[in-house]
Structures are given as structure tokens and as C-alpha cells.
Amino acid sequence: MESIGVLMACPMSSYLEQQLDNRFNLIRYWNFSDKKQFINDYADSIRAVVGNAAAGADAELIEALPQLEIVASFSVGLDKIDLNKCKEKGIRVTNTPDVLTEDVADLAIGLMLAVLRRICESDRYVKKGLWKAGDFELTSKFSGKRVGIIGLGRIGLAIAKRAEAFDCPISYYARSEKANTNYKYYPTVVELATNCEILVVACALTAETRYIVNREVIDALGAKGILINIGRGPHVDEKEMVSALLDGRLGGAGLDVFENEPEVPDKLFGLENVVLLPHVASGTEETRESMANIVIGNLEAHFQNKPLLTPVV
């Protein structure tokens with residue numbers, strides 16, 4: 001398989017990059033400043049694209065690669081891949097579900113605790129020597145808070161399970177009510193936000209879920225409500241969220257993702273009721289290696305005419 005051209009869309013994992021390099025003819029897209037010249041030189045040799053949450057395969061790239069057979073995502077999300085174009089062209093698509101579920105759910109709980117108990121601010125308080133001048137102010141309890149989850153898939157369920165251990169009542173919004181759970185279901189996100197104290201975004205990013213958290217939802221969550229986003233940045237109307245935080249209409253936020261990564265609104269930097277992370281929910285050595293192995297396994301299976309490990313299309 002060393003002659004098979006595999007295009008890596010952007011830097012994502014040194015382990016994955018090394019494994020791809022060992023097995024295939026790896027082409028690093030980010031090394032080419034002139035994309036048009038790149039297409040002219042390599043279009044006929046590329047049979048696979050490896051992408052992630054930052055870069056994948058849009059319609060333009062798919063059309064430019066006539067020999068493309070498979071797009072393997074180093075992510076569970078598929079919003080950077082034009083799935084309709086892949087279906088039209090008969091191109092297979094895979095992702096990396098399940099292996100990152102626990103890490104993402106862990107981080108969601110961590111963000112809830114960090115925002116409510118002001119862990120980051122407390123850390124700075126000690127390191128700046130301010131404790132000597134007096135005790136840190138009181139914070140807010142997490143246990144027992146009403147948690148609402150947008151999207152009750154693998155990750156949403158894992159978050160719910162963890163929050164239940166803190167005696168948090170769980171409710172959720174999804175496209176339809178789930179038959180396998182006793183959690184309270186709300187048919188709209190506004191109703192969910194009205195009836196919870198912590199709102200967690202854990203759904204897939206689609207055209208329908210873009211800005212699923214808008215001004216109406218934020219206002220329903222309210223001045224004491226906490227927004228946690230471990231989904232995708234465009235799930236939230238970022239301008240409305242920033243405005244609500246500055247105006248005191250939203251109580252706080254824990255954010256692992258942003259609308260135009262790696263750009264983050266400057267106005268968030270001075271807010272102590274906001275915890276900001278650089279899209280690291282699945283960022284543990286163990287999980288990223290497992291994700292990389294799934295990507296490799298899917299590519300090898302495809303080119304050996306075996307069943308894909310995690311097929312999407």
C-alpha cells in the first residue's frame with residue numbers, strides 16, 4: 001500500500017502522521033501554499049483524504065480529486081466533510097466514534113465544576129499570593145443542579161451518567177424522544193433551557209443545529225444559567241453569547257470549541273465566569289492513539305477490500 005496516495009488535510013497527530021507515512025504515500029496538504037498547483041501535480045495520485053474537526057473534504061476538494069475513494073475523519077464529527085458529495089461520487093466516509101466518548105464526557109463535567117466552583121480563578125488567586133490578604137469568595141454548588149443536554153447520543157448519555165452521580169436531575173432535547181431512557185424530554189431547546197441550570201451542547205453539527213443556541217435559548221437559560229459547549233463552535237451564536245455574558249443575562253460558560261477556531265472573542269478573556277479551552281475534549285494521549293488506529297484500520301480495510309471499521313457512508 002506504500003504507493004497509495006493519502007492526503008492529510010492538516011497537522012493533527014504526530015503518531016497518526018508517522019503511521020500513515022509508514023504505510024502509504026503520505027502527502028501533507030499544509031506544505032503546499034499554491035493549492036491550484038498542488039491539485040495539478042497530485043490530483044490523479046490521491047485515493048484517500050484524512051481530515052479532522054478543523055479540515056476535511058469539501059465539495060471543491062472532492063471534485064478536484066478524481067481518484068478519491070475514501071475520506072477518513074480523525075474525529076467523530078463530520079461537519080468538515082461534504083457527505084452529500086461523497087454519496088454522489090460513491091466515496092466512503094469513516095469517523096472515530098466511541099473511543100473519544102469518555103474523555104469528552106469527562107471534560108464536560110470538568111467544565112461544569114470549573115465554572116461553578118471557579119477553579120481556574122482560585123488557582124490564580126493562590127499563585128498571585130492573594131490568599132494572604134483574605135479568603136477567596138464563595139462559589140456555587142454543582143451537586144444537584146438541573147442539567148439539560150442538547151443531543152442524547154453516545155457523548156450526551158455519557159455526560160448524563162456522570163452528572164447523575166452528582167445527584168443532578170437530567171433532561172434533554174433531541175430530534176425525537178428516546179425510548180431507552182427515563183430522562184425528561186423537552187421538544188424544543190427553549191423549553192429545555194428554561195427548565196435547567198446548566199445547558200450542555202453535545203449534538204452533531206448540521207445545517208439544522210447551527211446556532212441551535214441562539215439569543216432566545218440564552219435568555220431562557222438566564223442570568224444564573226451556565227452554558228457548556230463541547231460540541232462545535234457554530235452550535236452557539238457566539239456574538240449573542242458574548243453579549244449575554246457581558247450584560248449579565250447569562251451566568252457563565254465553559255467552552256471547548258469556538259465559531260472560528262483558533263480565533264476566540266477577545267471580550268471573553270477578562271471574564272472570570274468563563275472557562276476557555278483550546279478544543280481539547282478528546283485530547284488525551286490514550287484516546288488520540290486509539291483514534292489514529294481507527295483511521296489506519298479503516299484505510300487498510302478499504303484498500304484490502306475488507307469491511308470498514310466505522311463506516312458512515
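1. Which residue in β7 does Ile149 stand opposite? Tyr172 is the one. Before going on, a word on the model: it is predicted, so local features need pLDDT of at least 70 and side-chain atom pairs count only at pLDDT 80 or more, while totals for chains, interfaces and linings use all residues. Residues are numbered from 1 along each chain as its sequence is written, and side-chain values use heavy atoms, with hydrogens and water left out.

2. Overall make-up. The protein has 11 helices and 12 strands; these are DSSP runs numbered from the N terminus, helices being H or I with at least four residues and strands E with at least two. Its radius of gyration is 21 Å, close to the 20 Å that the globule rule gives for 313 residues, so the protein is as compact as a globular protein of that length. (The radius is taken over C-alpha atoms, and the rule is 2.2 Å times the number of residues to the power 0.38.) Along the principal axes, the C-alpha trace spans about 65 × 50 × 30 Å.

3. Of the 313 residues, 50% count as buried. Here buried means under 20% relative accessible area, exposed over 50%, and partly exposed in between, with a 1.4 Å probe and protein chains only. Contact means heavy atoms within 4.5 Å. Among contacts in the protein with a separation of 6 or more, 58% come from residues 24 or more positions apart.

4. The seven-stranded sheet. This is an open sheet, ordered β8-β7-β6-β9-β10-β11-β12 with parallel pairing; two strands pair if DSSP finds at least two bridges between them. At the edges are β8 (184–185) and β12 (274–276), each pairing on one side only. The Ile149–Tyr172 pair belongs to the stretch where β6 (residues 147–150) and β7 (residues 170–173) run parallel, joined by four bridges. Helix α7 (residues 154–164) packs on this sheet and touches β6, β7 and β9 (198–201). The direction of α7 makes about 175° with that of β6; axes are lines fitted to C-alpha atoms, for helices over the stretch in contact, and angles run from 0 to 180 degrees between N-to-C directions.

5. The five-stranded sheet. The other open sheet to look at has the order β2-β1-β3-β4-β5, again with parallel pairing. Its edge strands, β2 (25–28) and β5 (92–94), have a single partner each, so one side of each is left without a neighbour in the sheet. Neighbouring strands are turned by 20° against each other on average, direction ignored. Four bridges join β1 (residues 5–8) to β3 (residues 46–51), with Val50 in β3 as the bridge partner of Met8. Helix α11 (residues 285–303) packs on the sheet, touching β1, β3, β4 (70–73) and β5, and its direction makes about 165° with that of β4.

6. A closer look at β4. Strands β3 and β4 pair in the parallel sense over four bridges, and Val49 stands opposite Val71 in β4. In a regular strand the side chains alternate between the two faces of the sheet. In β4, Ile70 and Ala72 point one way, Val71 and Ser73 the other, and all are buried.

7. Cores. A nonpolar core is a set of buried Ala, Val, Leu, Ile, Met, Phe, Trp, Tyr and Cys residues joined through side-chain atoms within 4.5 Å. The largest one holds 55 residues, of which Leu16, Leu20, Ile159 and Leu299 touch the most other members. Helix α5 (residues 101–116) gives the largest share, nine residues. Setting aside neighbours within four places in sequence, Ile159 contacts Ala105, Ala108, Ile109, Met112, Ile149, Val200, Ala202 and Ile230. Apart from that core lies another, of 28 residues, including Leu192, Val242, Leu245 and Ala253.

8. Two loop residues. Asn182 sits in the loop between β7 and β8 and is exposed, with a relative accessible area of 82%. Tyr211 is in the loop between β9 and α9 (215–221) and counts as partly exposed at 29% relative accessibility. Beyond its neighbours within four places in sequence, Tyr211 contacts Pro234, His235, Val236, Asp237 and Glu259. Tyr211 and Asp237 are 26 residues apart in sequence, with their C-alpha atoms 5.0 Å apart.

9. Annotation. UniProt, in an unreviewed entry, places "domain: D-isomer specific 2-hydroxyacid dehydrogenase NAD-binding" at residues 109–281. UniProt positions are given in the numbering used here, feature names are shortened, and annotations may be inferred rather than shown by experiment. Over residues 109–281 the chain is 29% helix and 14% strand, and the end C-alpha atoms are 11 Å apart.
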